[in-house]
Amino acid sequence: MYSIGQINPLQKVKIKYGQWLSLAVALVCLMLGFTRIAKYSFLSVPVLGFLLLEIISLLIWLKISWSDKEALISPQLFKNMHFSMQLIAYCFAKIATLALGFIFPIYVQAVNNGSVSLAGWITFPGAVINALMAALAGKLLDKKGARLPIIIGIIASLTSLILMNILAPLSSIAIVLLYVLYYGGYGMCFGSLMTSGLITLGKANHAQGDAIFNTLQQFSGALGTALAGTLIAIAQNNHVGNGTAIGSKWTFMVLLVLIIINLVLALLFVPKKKSK
């Protein structure tokens, strides 16, 4: 810690332009390549071209960041498997949540012929439960550690997605109830995954870890919306019937797989003992 006399107000902060640009290009190219699957085949130039650029940009970022002790985001942290696997679970949870948040308002209007106002309010009860469960998760984490709220939350979200796949097509009431169950589980596990992941890094790397979690949270949210939109668009382009219902069912299946993976990752990599 520096005393007041030691602080240099004119000290320059180095901006890592190369690292920032290469990482941004990699994420944007991945998104662009992914969203073009709805219009072009996976092996087409518009899709593979962007994915190739994403890989090249990511390799450039790794090259210039690997040995930089003051890297914007240090790739060295990903060697910690407990951190990396909990980060993946964190991203999958965000992808699923934003995908469902994108689908359900459209679903209410296009499949259930509901009003615009109903579509706007359909996810509100889930948001309320999410806030309440996040508060409860914080108390459980303090008393029992991160593992309990994470496992409970993932199981609740997984149960909701299983029911979505079984019961689809869904009525508006079913959407409200299942989204409450899913989002309540999300509230239990999401913040706890971040806390647990940061703990595995140690205090010295908390700032770096926090930057990684927040950066990938934003990207995962965008990817979740793109995933749902892409699958619905593919279904609408290839099916004469209600493409929204078919694309939504495909999305439910993909999200179910992601949350099953989350449960496995949590069971394997979230510490069983409460950190002191």
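Student: Hi! Let's start with cysteine 29: how far is its sulfur from the closest cysteine sulfur?

Tutor: Hi! The sulfur of cysteine 29 is 19 Å from the closest cysteine sulfur, which belongs to cysteine 91, and that is too far for a bond. For reference, a disulfide here is a pair of cysteine sulfur atoms within 2.5 Å. Before we go on, this is a predicted model, where local features need pLDDT of at least 70, side-chain atom pairs count only at pLDDT 80 or more, and totals for chains, interfaces and linings use all residues. Residues are numbered from 1 along each chain as its sequence is written, and side-chain values use heavy atoms, with hydrogens and water left out.

Student: And what about the sulfur of cysteine 91, which cysteine sulfur is closest to that one?

Tutor: That would be the sulfur of cysteine 189, at 12 Å, again too far for a bond. A search of the whole structure finds zero disulfides.

Student: Are cysteine 29 and cysteine 91 buried or exposed?

Tutor: Cysteine 29 is buried, because its relative accessible area is 7%. Cysteine 91 counts as buried too, at 11% relative accessibility. The cut-offs are under 20% relative accessible area for buried, over 50% for exposed, and partly exposed in between (1.4 Å probe, protein chains only).

Student: New topic: which residues touch the most other members of the largest nonpolar core?

Tutor: That core has 66 residues, and the ones touching the most other members are Leu100, Phe104, Leu161, Met164, Leu170, Tyr182 and Leu255. A nonpolar core means a set of buried Ala, Val, Leu, Ile, Met, Phe, Trp, Tyr and Cys residues joined through side-chain atoms within 4.5 Å.

Student: Which elements give two or more residues to this core?

Tutor: Helix 1 (17-35), helix 3 (81-110), helix 6 (147-167), helix 7 (172-201), helix 8 (206-238) and helix 9 (243-269) do. Helix 3 gives the most, with 16 residues. Helices (H or I, at least four residues) and strands (E, at least two) are DSSP runs, numbered from the N terminus.

Student: What does leucine 100 touch?

Tutor: Not counting residues up to four places away in sequence, leucine 100 touches Pro105, Leu161, Met164, Tyr179, Tyr182, Phe252 and Leu255. Contact means heavy atoms within 4.5 Å.

Student: Where does alanine 96 lie, and what is it in contact with?

Tutor: Alanine 96 lies in helix 3, and it counts as buried because its relative accessibility is 0%. Leaving aside neighbours within four places in sequence, alanine 96 is in contact with Tyr182, Leu255 and Ile259. Alanine 96 and valine 254 are 158 residues apart in sequence, yet 8.8 Å apart in space, C-alpha to C-alpha.

Student: What about glutamine 86, buried or exposed?

Tutor: Glutamine 86 counts as buried, at 1% relative accessibility, and it lies in helix 3. Its contacts beyond four places in sequence include Leu193, Thr200 and Phe269.

Student: Now backbone geometry: which peptide bond is cis?

Tutor: The one from alanine 168 to proline 169, with omega near 5°. Proline 169 lies in the loop between helix 6 and helix 7.

Student: And what is the phi of asparagine 113?

Tutor: Asparagine 113 has a positive phi of about 55°, although it is not a glycine. Most residues other than glycine have a negative phi, and most peptide bonds are trans. Asparagine 113 sits in the loop between helix 3 and helix 4 (116-121) and counts as exposed, at 65% relative accessibility.
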